[in-house]
Amino acid sequence: MKPFSFFLMALWGALAFYTAKVISTHGLNLFPYFFGDMASWNWPGQFNLDFIMMLFLSASWTAWRNGFSIRGWGLALVAFFGGAGFLLPYLTYLGWKNNGDTTAILLGSNVKVN
């Protein structure tokens, strides 16, 4: 699990660096760009629609994995707005916590014990 955790954290570092650079250049106001592209019906808008669907899928999985508990809904909210900035460290943490057990990582509270 360690090489995979290193890979996830390397991706997170690259994302954090890129995000910091964009914020320093353009500020935090991403919504006019994001939804503006979608309203323009162009390729960047198509990518943004695809991306928002992936964010919804990530948030849905996070809530489901945590049994739709209050904690699960809170994490889902962070997953939706945090994207890979949340998901990469979350998967790293889950891998560490579950000793790399993929079933436990993916299913969380939904693991059935025989």
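This is a predicted model: local features need pLDDT of at least 70, side-chain atom pairs count only at pLDDT 80 or more; totals for chains, interfaces and linings use all residues.
Is threonine 62 buried or exposed? At 0% relative accessibility, threonine 62 counts as buried.

Threonine 62 sits in helix H3. Apart from its neighbours within four places in sequence, threonine 62 is in contact with Gly72, Leu75, Ala76, Ala79, Phe86 and Tyr90. Two of these names, Phe86 and Tyr90, come up again among the buried residues of helix H5.

The protein has six helices and zero strands, and its pattern along the sequence reads α-α-α-α-α-α. Taken along the principal axes, the C-alpha atoms fill a box of roughly 50 × 30 × 25 Å. The chain has 114 residues, of which 24% count as buried. Among contacts with a separation of 6 or more, 58% are between residues 24 or more positions apart.

Helix H5 covers residues 84-97. With 14 residues at 1.5 Å a residue, H5 should span 20 Å, and its end C-alpha atoms are 19 Å apart, which agrees. The buried residues of H5 are Phe86, Leu88, Tyr90, Thr92, Leu94 and Gly95. Their cover includes helix H1 (2-26), helix H3 (43-65), helix H4 (70-82) and helix H6 (102-107). Just after H5, asparagine 99 takes a positive phi of about 50°.

The structure holds eight aromatic pairs. One of them joins tryptophan 61 and tyrosine 90 in an edge-to-face arrangement, 6.2 Å centre to centre with 70° between the planes. Tryptophan 61 belongs to helix H3 and tyrosine 90 to helix H5, so this pair ties together parts that are 29 residues apart in sequence. Tyrosine 90 has 7% relative accessibility and therefore counts as buried, the cut-off being under 20%. Tyrosine 90 is also one of the contacts of threonine 62.

A second pair involves tyrosine 93 and tryptophan 96. Their ring centres are 6.1 Å apart and their planes lie at 40°, so the pair is tilted. Both residues belong to helix H5, three residues apart, about one turn of the helix. Elsewhere, ring pairs link Phe31, Phe34, Phe35 and Phe51 into a cluster.

The last stop is the surface. Which residues form a nonpolar patch there? The patch is made of Trp64, Phe68, Trp73, Leu106, Leu107 and Val111, which together have about 540 Å² of accessible area. Leucine 107, one of its members, is found in helix H6. Its relative accessible area is 30%, so leucine 107 is partly exposed.

Technical notes: Residues are numbered from 1 along each chain as its sequence is written. Side-chain values use heavy atoms; hydrogens and water are left out. Helices (H or I, at least four residues) and strands (E, at least two) are DSSP runs, numbered from the N terminus. The expected span of a helix is 1.5 Å times one less than its number of residues. Buried means under 20% relative accessible area, exposed over 50%, partly exposed in between (1.4 Å probe, protein chains only). Contact means heavy atoms within 4.5 Å. Patches are made of residues with over 30% relative accessible area and no salt bridge: like charges are joined within 9 Å, nonpolar side chains (Val, Leu, Ile, Met, Phe, Trp, Tyr) within 5 Å. Accessible areas come from the Shrake-Rupley method with a 1.4 Å probe; for residues, only the protein chains shown count as cover. A salt bridge is a side-chain nitrogen of Lys or Arg within 4 Å of a carboxyl oxygen of Asp or Glu. Rings of Phe, Tyr and Trp (its six-membered ring) pair if their centres lie within 6.5 Å; planes under 30 degrees apart count as stacked, over 60 as edge-to-face and the rest as tilted.
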